[in-house]
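Hi everyone, thanks for coming.

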Amino acid sequence: IGLLSSRLTVEAPIIKDKASFLISGRRTYIDQVFKAAGSTLPYFFYDLNAKFNYILSEKDRLYLSTYTGKDVLQFNNAVDGFAMNTPSGNTIASLRWNHLFNDKLFSNTSINYTRYQFELGLEQDQFEFQLYSGIYDWNAKIDFDYLPSILHNVKFGLDYTFHKFVPSNASARSGEVDFNTGDIIKNYANEGALY
């Protein structure tokens, strides 16, 4: 527990010597401290981490990990009728399988997802404006480590990522009138590697 932020971590076994989990969270409350002092600082952030481990066999382990976090800046001036909200954040999830073939060769196979989002919302009297952008990645990869001797370490594998980019998505309204801001732009890309 801190003056401006606090965090909590919980780690425990689910099945003895077989499965366990870890959850960790953090949040700033500087916005609430300023509010209690009669002032305003309209910003806070939070994040959450979680991990699950499972031993499938002597040679196989499974890991599920996730992270999410958000920064929020909010401002509201009732006198001027002006409000602003800018949340942005990241989310990551990963499922990984670790396999030991023998004393010299092991692999990590994983499926991953990442998302970044940024938003901007503005309001004044009858006028509203929203802006959104984001990046989304889906990834699959397999990495091998081969140790033929104490002097050598050979790494090889495959990697594939599908990207989706939303560089700008805007909308605007004044009263009952919606402004045409054009189609939502979406760009896609494929990325692969063999090494």
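Arginine 26 is partly exposed at 34% relative accessible area, where buried means under 20%, exposed over 50% and partly exposed in between, with a 1.4 Å probe and protein chains only. Its partner in a salt bridge is aspartate 47, at 2.5 Å from N to O; the term means a side-chain nitrogen of Lys or Arg within 4 Å of a carboxyl oxygen of Asp or Glu. Aspartate 47 sits in strand β3 (residues 43-57) and arginine 26 in strand β2 (residues 19-28), 21 residues apart. Aspartate 47 itself counts as buried, at 10%.

A quick word on ground rules: this is a predicted model, with local features needing pLDDT of at least 70 and side-chain atom pairs pLDDT 80 or more, while totals for chains, interfaces and linings use all residues. Numbering runs from 1 along each chain as its sequence is written, and side-chain values use heavy atoms, leaving out hydrogens and water.

The salt bridge count comes to 4. Another of them joins aspartate 145 and lysine 155 at 2.6 Å, N to O. Aspartate 145 lies in strand β7 and lysine 155 in strand β8, so this pair ties together parts 10 residues apart in sequence.

Now the whole chain: we have 1 helix and 10 strands, taken as DSSP runs (helices H or I, at least four residues; strands E, at least two) numbered from the N terminus. Finally, the C-alpha trace spans about 70 × 45 × 30 Å along its principal axes.
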